[in-house]
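Please find below a note on the model under review. The points follow the display and may be read alongside it.

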Amino acid sequence: MGDEVVVFNRLWETMRAKGLSTYLLRQKYGIESRTIRRLKHNENITTDTLRKLCEILDCGLDEIVEYIPERKE
């Protein structure tokens, strides 16, 4: 384990496509500011948060998160 990364770039693309802002995530759906900060910095979040995002956006995990495996040298 070393250079593998989980990134949330797809989340921002899906939100943009569905017209949802981080403001609405906070105000309407109760996603905390610190959770949004963690998402923006590709930091760890809970599986419960992933479930909530999938429900809010009516999408699958593959539209929110991407796993980038470790590069072999």
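1. Basis of the values. This is a predicted model, in which local features need pLDDT of at least 70 and side-chain atom pairs count only at pLDDT 80 or more, whereas totals for chains, interfaces and linings use all residues. Residues are numbered from 1 along each chain as its sequence is written, and side-chain values use heavy atoms, with hydrogens and water left out.

2. Overall architecture. The chain contains 4 helices and 2 strands, arranged from the N terminus in the order β-α-α-α-α-β. These elements are DSSP runs numbered from the N terminus: helices are H or I with at least four residues, and strands are E with at least two. The C-alpha trace spans about 45 × 25 × 20 Å along its principal axes.

3. Surface and burial. Of the 73 residues, 27% count as buried (relative accessible area under 20%; exposed is over 50%, and partly exposed lies in between).

4. Contacts. Among contacts with a separation of 6 or more, 67% join residues 24 or more positions apart; a contact means heavy atoms within 4.5 Å.

5. Nonpolar core. The largest nonpolar core has 16 residues, where a core is a set of buried Ala, Val, Leu, Ile, Met, Phe, Trp, Tyr and Cys residues joined through side-chain atoms within 4.5 Å. Those with the most contacts inside the core are F8, L11, W12, M15, L25, L57 and I64. Helices α1, α3 (33–40) and α4 each supply at least two residues of this core, and α4 gives the most, with 4 residues. In soluble globular proteins, nonpolar side chains tend to be buried together. Apart from its neighbours within four places in sequence, L25 is in contact with M15, L20, G30, I31, I36, L53 and I56.

6. The structure holds 7 salt bridges (a side-chain nitrogen of Lys or Arg within 4 Å of a carboxyl oxygen of Asp or Glu). One of them pairs E66 with R10 at 3.7 Å, N to O. Because E66 lies in strand β2 (residues 66–68) and R10 in helix α1 (residues 9–18), this pair ties together parts that are 56 residues apart in sequence. E66 is partly exposed at 28% relative accessibility, and R10 is partly exposed at 31%.

7. D48, R51, K52 and E55 are linked in a network of salt bridges. The closest N and O atoms of K52 and D48 are 3.6 Å apart; the two residues are 4 apart in helix α4 (residues 47–57), which means a separation of about one helical turn. R51 and E55 form a salt bridge at 2.8 Å, N to O, and also lie 4 residues apart in helix α4, about one turn. K52 is partly exposed at 32%, as is D48 at 35%. R51 is partly exposed at 40%, whereas E55 is exposed at 53%.

Definitions and conventions. Buried means under 20% relative accessible area, exposed over 50%, partly exposed in between (1.4 Å probe, protein chains only).
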